[in-house]
Amino acid sequence: MENHQDNLSPDHDEVENSRAPQRRRRPPLSCTVCRKRKLKCDRSLPCGQCVRSKTTAQCVFIGAQPDPTSDQRRMSPPQLPHGGVEDQAGRKSGMFVFDSKLGPNSTSNRVSKRARSDELHELRSRLRVLENSLGKSSHLQTPETSVCDIFSEVDTANSSENVGVDDRVRFLPDSSFRGKKTKTRYFGRSHYTTTVSFFKDIGTFMRRGRCRGGAKDKEYTDMKQFKTELWSREIQEHQRDFREQPFMLNELVPRRNVADRLLQLYLDTFETTYRILHIPTFLRQYADYWANTQPTDMAFVAQLLAVMAAGSCFYVPSPGQEDRDIFQKPAMKWIMAVQSYISCTFLSPEIDFRMLQTQTLLLVARLGVASDADVAWASAGSLIRSATIMGLHRDPARFHKARPFYSELRRRLWTTIVELDLKFSLDRGAPPSVDLDECDCDPPSNWDDADLIPDMEDNPAPLSTALYTQSFYQTLLAKTLPLRYRIAKKINSLRFNLSYDDALRMGDELSRSMQHASSLFEDNSPSIALGESGRHRFAQSLHLFIVRKFLLALHRPFSLSVVRLPKCSYSRKICLEESLGILSQMELPLATENIIYPNITQLGSGMFRDETFHAAITACVELSLQANEMSMSTTSGMDGVNSSVLMSMIQSQQGVMLQAVERTADNFGRRIGPGGTGCKPFFFLNIILASVKSRVKGEDPLCNVDTASKRSVRICRAILNGLTYEEAKISVDNCPAQTSIPSGTNPAPATPRDIDPTSLLSNDFGDFTPTDLGGWFDGLDYTGPELWDWDADLSGNLPTFS
């Protein structure tokens with residue numbers, strides 16, 4: 001026995017000597033593919049690199065492997081006091097090996113434990129980081145701030161990747177990439193497509209027609225036919241009519257009393273925030289035009305037509321009249337005429353400041369009237385490049401021959417162009433076209449137009465930024481322009497690398513600016529003249545609306561990821577508050593209510609329709625999350641909590657949110673135009689609302705979605721046939737359609753605990769085509785067929801003003 005041990009001892013000593021100089025290495029934290037390719041791994045499962053390279057099946061995380069020369073004592077399982085061996089499947093210690101094919105709970109996903117010295121070293125490092133972070137002063141404290149945020153300083157690159165953010169937020173859902181062959185559409189992270197992708201029921205409902213094969217029910221076929229009819233109405237002879245229409249700008253100007261009214265509507269609304277014109281100069285040219293003392297200036301006529309088109313969306317019919325859309329045809333023709341004028345003028349190599357003003361006015365008019373969507377965004381790119389050619393993005397002081405008058409107008413116009421670019425960035429989910437880091441143009445000054453004289457040599461005396469002037473609202477909004485630019489750029493970048501700490505800081509800064517603006521509005525309210533209250537109220541509502549939508553865009557990616565990142569519940573709270581704030585702002589008044597016009601609600605069917613729809617479905621996401629949380633809390637029980645009181649509070653809050661979304665759906669119905677404009681948000685909000693109500697009540701979502709879709713299509717058809725929204729609702733509800741259960745589904749009622757909480761957060765839009773969510777009613781929200789059948793004399797049908 002001793003000889004046998006002696007024979008073993010040299011080998012044993014050799015093994016010990018060979019192990020002595022080796023240092024224990026840190027266990028690898030990257031997946032095997034990223035380690036082999038030497039790429040940065042974000043440590044998610046599967047990681048982003050493997051998703052992009054389509055190697056998710058090979059994405060495996062392994063820990064440090066045991067040394068093959070280690071002694072038998074390390075390799076053998078630990079002995080229990082009673083002589084047994086510890087069950088490997090029941091061990092609670094060690095490092096997991098995450099395999100995308102096996103999952104984290106697989107028994108094969110265990111490796112050896114780290115050495116205690118490495119653990120102690122890591123714990124000491126984290127403790128030092130924690131102490132340093134706690135010692136720093138911060139003006140923003142939220143109860144949801146977790147240790148994960150503090151540890152982000154250990155590895156800033158890792159925190160910037162936001163490994164916990166939902167994949168549909170980081171990489172975008174498949175429904176953001178629509179179309180085939182020559183017609184495709186892309187929608188980025190801030191577009192409402194990302195939020196809609198969290199509703200699995202809607203995706204299942206929209207695909208059901210293809211899943212049934214030949215067994216398509218009549219209602220579904222009728223719904224598809226309705227969409228086809230609307231598409232054909234929109235594109236019927238569009239291009240031919242546009243090319244063959246002879247535009248004589250001077251002949252399109254309406255009577256003086258109509259032009260006066262529309263001009264004043266524009267000056268009281270858009271011009272308060274989007275400064276484009278020097279009002280005294282424009283009014284002088286306007287008076288000269290009607291006096292007819294000088295040759296007609298076609299550049300001014302083009303600007304006048306664009307101004308009237310923009311102001312037409314704020315027209316309010318007289319009591320008892322139903323002609324709220326009477327300016328739709330003339331406004332569309334004015335827009336087309338100005339567009340034709342600009343196209344013809346650009347044949348000349350000259351681009352002057354007045355042409356930039358005309359382009360900007362035309363863009364505002366197209367947004368207000370909602371004449372087009374994609375084309376208006378493309379035109380904004382042409383406007384930005386034209387402004388860049390003229391050097392509006394540079395400091396006017398660099399142009400030594402420029403007088404102070406024109407320098408200030410350049411600052412105002414450039415700020416307006418950037419504001420419109422940021423709007424398109426959030427609406428379409430694309431990065432801003434303007435790079436403010438390459439611009440050194442100063443923000444506009446808070447001066448009245450009367451203080452600016454074309455021949456003046458020096459700037460007027462500086463005024464307080466808190467003093468009401470004609471540029472007050474633009475200068476106030478311009479203070480947040482760099483911050484809002486960073487938000488739009490971060491949210492819609494190709495790779496989402498915005499950390500939650502940065503989002504909280506930017507959100508806090510934006511919230512404080514909104515509170516400061518609200519206090520200024522309240523402090524200056526006594527100084528507002530009685531006849532100016534409508535203009536100031538509109539400008540204040542517009543300012544708050546713009547800031548709110550940027551707050552929503554900033555917090556929405558984290559709010560949608562709250563299931564995977566519970567610390568983001570603060571973003572969830574902000575999204576709910578700001579969504580309800582937007583819905584409250586855009587709510588149409590009742591017929592018996594007195595309202596001061598112009599009002600921001602008049603843009604709910606045009607310029608701000610998408611923002612209102614997105615706010616409504618954001619509230620629907622919150623309702624669904626609450627329904628799932630209540631089902632889980634009912635199952636697990638609530639120790640130490642009065643369940644009846646808590647349930648009453650939650651039901652009260654849900655009732656408020658449901659009423660807000662229902663009123664928004666009704667408002668979309670009331671905004672549907674005679675040509676079918678506005679059908680898309682009305683249709684989709686109703687089916688999403690039906691899905692949410694089903695989850696709250698514990699009913700079958702798909703059956704209720706099917707019923708809501710048929711009802712919405714019938715209401716749209718009735719409105720197209722000449723009924724008002726209220727009349728259409730009564731007509732449809734008095735003749736209800738038979739509810740059909742989609743093929744392949746069971747009509748069994750669902751209880752809250754039967755609903756899978758992850759179904760809301762499942763990407764079920766992978767095989768969408770343009771005829772599904774993306775294609776339904778696309779395009780017809782902006783034009784109608786009758787807009788191209790021009791009357792011989794449109795001005796004869798316009799209302800008269802005393």
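**View 1. Buried residues of helix 26 in the predicted model.** In helix 26, the residues S571, R572, I574, C575, L576, E578, S579, G581, I582, L583 and Q585 are buried (under 20% relative accessible area, 1.4 Å probe, protein chains only). Helix 26 spans residues 569–585, and its 17 residues reach 24 Å from first to last C-alpha, close to the 24 Å expected at 1.5 Å a residue (1.5 Å times one less than the number of residues). Helices here are DSSP runs of H or I with at least four residues, numbered from the N terminus. This is a predicted model, in which local features need pLDDT of at least 70 and side-chain atom pairs count only at pLDDT 80 or more, while totals for chains, interfaces and linings use all residues. Residues are numbered from 1 along each chain as its sequence is written, and side-chain values use heavy atoms, leaving out hydrogens and water.

**View 2. Helix 14 on its own.** Helix 14 has 12 residues and covers 16 Å between its end C-alpha atoms, close to the 16 Å expected at 1.5 Å a residue. Look here for its buried residues: V258, A259, L262, L263, L265, Y266 and L267.

**View 3. Helix 14 meets helix 17.** Helix 14 (residues 256–267) packs with helix 17 (residues 298–312) at about 75°, with axes 7 Å apart (lines fitted to C-alpha atoms over the stretch in contact, with angles from 0 to 180 degrees between N-to-C directions). The two helices are therefore roughly perpendicular (65 to 115 degrees). Helix 14 contributes A259, L262, L263, L265 and Y266 to the contact, and helix 17 contributes V307, M308, A310, G311 and S312 (heavy atoms within 4.5 Å).

Key
Angles under 35 degrees count as roughly parallel, over 145 as roughly antiparallel, 65 to 115 as roughly perpendicular and the rest as oblique. Buried means under 20% relative accessible area, exposed over 50%, partly exposed in between (1.4 Å probe, protein chains only).
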